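Welcome, and please load the model in your viewer. We will go from one selection to the next and see what is there.

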Amino acid sequence: MTTEIVREADQDGIVTAAAARLTVLIAEAIAQRGRARVVLTGGGAGIALLAALRDADIDWPAVEVFWGDERFVAPDDGDRNELQAREALLAHVPVVEDQVHAMPADDGVFAGDVDGAARRYAELVEQVDAFDVHLLGMGGEGHINSIFPHSPAVAEQAATAVPVRDCPKPPPTRITLTLPMVRRARQVWLLVAGGAKAEAAAAAVGGADAADVPAAGAEGTEKTVWFLDDAAAAHL
């Protein structure tokens, strides 16, 4: 496994760089394995990346989409990563709906049952041998997906998807893939912008304990790529 740092001037720069490389990675995965499996992320840079892919030359019917985490709220709640991803990209490209694997919402059979919703998503992702790329943002304290420092989720060593309660960032109830599942991806890409994240980025790249800085535990089996703007890279 190798680690690469791609440094750009600002968030627009890292989004442009990541979009170009993701277009190539998806094409290579389809050529080699007949499909590309991509795990999406939310956040400013993550959603901007999706918007930047609207006009990309991608064989969308051969792309399978998953999410790294989700807010356990109503399906039409604007906080849902799925809804934001659809508005930014998925509603504008010819994806196959059966290949878009959203995490369950707080609705229907899973109303009020985040544990059951997490188990259902775990059953789904455990059928996947490897994702081609797992996209991630990072919080100022180093959280990725909904894996926060010194939380039950960051300590999880076996389960692939778990419920998150009392999340320090609202909304408080979520579902997240765990670090063991993140590390099943061939490549893990972290898109990080802003000086408020510089200290955590430097700690993660430098090999901090994942319990302290969860991003430090996010590694691909083949490659880990950090897309950093100048401000986020200030302490490297």
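Two strands count as paired if DSSP finds at least two bridges between them. Keep that in mind for this tour of a predicted model.

**Stop one: strand β2.** Select residues 36-40, the strand β2. This strand is mostly covered, as five of its five residues are buried. Now show the side chains: Ala-36, Val-38 and Leu-40 point one way, while Arg-37 and Val-39 point the other way. In a regular strand the side chains alternate between the two faces of the sheet. On β2, the residues pointing either way are all buried, Arg-37 included.

**Stop two: the partner β3.** To find one of the contacts, pick Ala-36 and look across to Val-63, its bridge partner in β3. Next, bring in helix α2, residues 43-52. Together, β2, α2 and β3 make a right-handed β-α-β unit.

**Stop three: the partner β5.** Select residues 133-136, strand β5, which pairs with β2 in the parallel sense over two bridges. Here, center on Val-38 and you will find Val-133 of β5 standing opposite.

Which segment holds Leu-236? Leu-236 lies in the segment after β9 (223-229). Leu-236 has a relative accessible area of 45%, so it counts as partly exposed.

How values were computed
Residues numbered from 1 in each chain as written. Predicted model: local features only at pLDDT ≥ 70, side-chain atom pairs only at ≥ 80, totals over all residues. Heavy atoms only, no water. Helix = DSSP H or I, 4+ residues; strand = E, 2+ residues; numbered from the N terminus. Buried < 20%, exposed > 50% of the residue type's maximum accessible area, 1.4 Å probe, protein only. Right-handed = clockwise from strand over helix to strand, strands pointing away.
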